[in-house]
Amino acid sequence: MTDIADLTLEEKASLTSGASFWYTKAIDRVGVPSLMVTDGPHGLRKQREGGDHLGLGDSVPATCFPPAVGLGSSWDVELVERVGQALGVETSIENVAVLLGPGINIKRSPLCGRNFEYVSEDPIVSGVIGAALVKGIQSQGVGTSLKHFAANNQEHDRMRASSDVDARPLREIYLRGFQRVVEDAQPWTIMCSYNRINGTYASEDPWLLTQVLRDEWGFEGLVVSDWGAVNERVPGLKAGMDLEMPSSNGVTDAQIVAAVNDGSLEERYVDIAAGRALDLVRKAQAGAGKVEGPLDVDAHHALAREAAGRSIVLLKNDDAVLPLDASASIAVIGEFAEKPRYQGAGSSMINPTRLDSALDGIKDAATGTVTYAKGFSLAVTAATDEELAALRDEAVAAASAADVAVVFLGLPARLESEGYDRTDIDLPAEQLELLDAVVAANSRTVVVLSNGSVVALPFADKVPAILEAWLLGQAGGTATADVLFGAVNPSGKLTETVPLRLEDSPAYLDFPGDFSHVRYGEGLFVGYRWYDSRRFEVAYPFGHGLSYTTFAYGDATAAVAASGDIEVRVTVTNTGERDGREVVQVYTSLPTSQVQRPVRELKAFASVALAAGESREVVLTVRRKDLAYWDIRIDGWVVEGGEYVVDVAASSRDLRSSTAVAVTGDEVVLPLSRTSSLGEVFAHPVAGPIIQAAMAEMMGAMNGASSVMPEGVDMMEMMGSFPLGRIGMMAGLAGGDAAAGSSDEMIDGLIAAANAPQQA
Ligand code: BGC
């Protein structure tokens with residue numbers, strides 16, 4: 001294919017924006033084809049003609065796999081990669097070059113309207129699951145677009161709001177997952193977000209798009225704007241924003257040409273962006289036709305069902321109410337059973353190849369009587385009180401006559417969507433009233449939830465069993481029946497904490513911000529990092545999820561491997577009578593840390609299949625780089641040395657075995673200055689011994705000033721935060737102006753000696 005050198009300035013500029021809503025530009029003269037890129041992420045949304053932003057247009061049927069909120073809850077890398085492969089297959093068959101996903105933004109607040117499209121409140125889970133999706137999709141010769149880069153954690157005011165976030169949380173929480181996906185899976189493209197970060201639009205931030213993404217992480221692909229995210233095109237291009245989408249109708253291409261011609265933009269920036277566009281074309285051409293159609297609709301539906309079954313989280317199961325006995329009489333209650341809510345609203349809406357309802361799934365699996373009552377109405381026009389009472393009465397009658405009631409509750413579609421956030425985490429009042437009435441009639445009541453982000457569960461103590469079924473894609477209905485009857489043993493775990501009250505959540509006081517600024521006031525303490533460090537009671541903790549079997553954990557061991565990574569070993573036994581899967585989690589903490597840290601942080605996990613009675617040693621790797629914190633003094637990652645506590649756990653609050661491992665830290669030698677504290681000077685390899693001797697002498701000269709101190713008070717510790725540049729003042733107190741002057745010289749000499757390059 002053609003090279004950048006063959007193109008005119010105008011042609012190169014033309015490659016930096018789209019031809020239309022979903023297509024890049026062709027250059028026929030030199031045989032550069034146009035590429036189609038399209039949503040995503042949990043299925044292919046290829047619109048038949050024209051294009052719109054909101055998912056309104058008709059798109060070709062495609063398998064609707066569970067959205068990230070569901071799939072992520074599987075914590076199952078192998079499964080997620082297989083789903084990725086299937087997504088890649090569908091993308092390839094439809095001649096689409098890039099599937100616009102996955103989305104891995106952190107769920108900072110349960111209120112974010114788009115949480116259903118994101119994986120977790122934790123960056124390791126988000127990064128590992130995101131990388132598996134990218135690998136799977138790209139294995140089929142098509143590209144991905146990792147989004148929305150970065151710190152896009154709310155929908156409110158999303159095209160202007162500045163996420164005002166400190167360096168540590170930005171690096172350790174909001175960017176860490178993106179870094180992992182870039183480093184491990186090299187997505188073909190990354191999509192910059194609409195919002196600003198600390199005042200600068202993501203689409204024109206050279207720090208984000210070039211320094212961090214390329215220079216630090218080694219990103220080799222192309223940066224595409226979110227649809228309409230470009231603010232000023234020329235600064236954006238310079239910052240590293242390669243491709244503007246959708247089309248600007250040539251307006252911004254002309255701006256770029258004009259800027260080169262008037263000397264305000266160096267042509268090399270255009271070359272770089274156009275070169276990346278050509279690279280993308282090369283990759284797409286190399287991968288094109290890798291998969292031949294037609295689509296095996298049945299096989300992909302079966303995979304969607306398997307994935308949905310693994311995404312369901314069994315929150316509670318008292319007295320083994322579940323799995324249901326197939327011969328029991330069952331009252332199925334709640335309109336979601338009949339009309340599944342299986343994906344969220346907005347640009348990610350897939351036109352499914354088929355759609356299973358839980359009601360049909362239950363009827364197929366049951367051998368006893370199944371009755372159905374709507375219970376409430378999902379219609380947009382609110383039902384009258386009389387209508388609701390009638391629906392409730394019908395449901396109560398069904399529940400009273402049955403052995404068990406299965407009540408489907410959830411968030412109506414209008415309550416969570418791309419483009420706006422929720423204002424509370426409550427289920428609609430009529431649903432809660434219905435549930436109360438049903439439970440009063442039949443205490444063997446199972447609740448199944450359909451929601452894209454957490455909801456408060458005020459009924460958690462009143463019902464014996466709860467399934468968190470999230471949004472599960474097109475096969476979620478049958479998958480729910482699979483779990484209800486035990487054909488599938490549930491193994492999903494929460495990737496986000498279920499709080500008792502919205503008011504307890506970390507971002508509560510800083511969401512969604514004022515006047516286009518949202519302060520990330522909770523800092524590092526996002527999700528369980530907050531609830532666990534504050535020791536708040538929660539409804540269900542991060543990482544929680546039950547099974548129809550039970551697992552016992554042996555004693556864990558942890559050792560540092562030659563690579564510097566920590567290898568954690570633990571034997572897990574399926575102690576029950578059913579085959580099952582357990583998601584084993586590893587958390588670390590450093591009690592002696594010199595920096596602020598959450599009480600524990602997830603560092604590794606594994607989903608392990610164990611037959612009834614089977615024992616297996618599970619080996620998990622905590623990467624050394626994941627132990628690092630972002631050190632604002634050196635603007636870099638630092639692994640602190642010390643004895644790390646390693647907890648092997650079934651949730652962030654269900655620690656099964658604890659061990660410790662000594663880790664050698666990175667050496668951080670900071671340049672000394674007059675504002676360095678004496679503590680820092682004491683710890684300095686060169687300056688430390690010199691200053692300690694000088695201080696001892698000075699203390700002597702001060703004639704035993706320490707003797708007036710109460711016994712046990714350590715003068716050195718007391719002086720630890722005293723700035724080096726000010727000790728002249730003390731020397732002056734002890735020995736007059738001359739002493740002060742000479743100690744000033746001594747300080748300058750000390751700083752020079754400390755900062756001089758060390759001999760090898
Ligand atoms: C969304 C993206 C999506 C794009 C194209 C934007 O509004 O934020 O996630 O890929 O539209 O539909």
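1. Just after helix H15, glycine 486 takes a positive phi of about 85°; helices here (H or I, at least four residues) and strands (E, at least two) are DSSP runs, numbered from the N terminus. The model is predicted, so that local features need pLDDT of at least 70 and side-chain atom pairs count only at pLDDT 80 or more, while totals for chains, interfaces and linings use all residues. Residues are numbered from 1 along each chain as its sequence is written, and side-chain values use heavy atoms, with hydrogens and water left out.

2. Helix H15 itself, residues 476-485, is mostly covered, with 10 of its 10 residues buried, where buried means under 20% relative accessible area, exposed over 50% and partly exposed in between (1.4 Å probe, protein chains only). Among these buried residues are Thr478, Asp482 and Phe485. The buried residues of H15 pack against helices H11 (297-311) and H12 (358-365), and also against strands E12 (330-333), E14 (404-410), E15 (445-450) and E16 (465-468); contact means heavy atoms within 4.5 Å.

3. The protein chain is divided into domain 1 (1-31 + 247-282), domain 2 (32-227 + 283-287), domain 3 (305-540), domain 4 (551-663) and domain 5 (678-759), with bounds that come from an automatic or database domain assignment. The centres of domain 1 and domain 4, taken over C-alpha atoms, are separated by 48 Å.

4. The ligand is surrounded by 15 residues, and the closest are Asp39, Arg114, His148, Tyr194 and Asp226; a residue is near a molecule or strand if one of its heavy atoms lies within 4 Å of it. By class, this shell has five nonpolar, three polar and seven charged residues, counting Ala, Val, Leu, Ile, Met, Phe, Trp, Tyr, Cys and Pro as nonpolar, Asp, Glu, Lys and Arg as charged, and the others, Gly among them, as polar.

5. Oxygen atoms of the ligand lie 2.7 Å from a polar side-chain atom of arginine 114, 2.8 Å from an N or O atom in the side chain of tyrosine 194, and 3.1 Å from an N or O atom in the side chain of glutamate 418. The protein covers 100% of the 310 Å² of accessible area that the ligand has on its own, as given by the Shrake-Rupley method with a 1.4 Å probe; for residues, only the protein chains shown count as cover.

6. Arginine 114 is found in the loop between strand E3 (98-99) and helix H4 (123-138), and arginine 114 is buried, with a relative accessible area of 2%. Its side chain makes polar contacts of 3.2 Å with the side chain of histidine 148 and of 3.2 Å with that of glutamate 418. A polar contact is a pair of N or O atoms within 3.5 Å; within protein, one must be able to donate a hydrogen and the other to accept it, and residues adjacent in sequence count only if both atoms are side-chain atoms.

7. Glutamate 172 lies in helix H5 (residues 167-174) and is buried, with a relative accessible area of 4%. A polar contact of 2.6 Å joins its side chain to that of arginine 168, and the side chain of glutamate 172 also reaches the backbone nitrogen of tryptophan 630 at 2.9 Å. Leaving aside neighbours within four places in sequence, the contacts of glutamate 172 include Pro123, Leu524 and Trp637.
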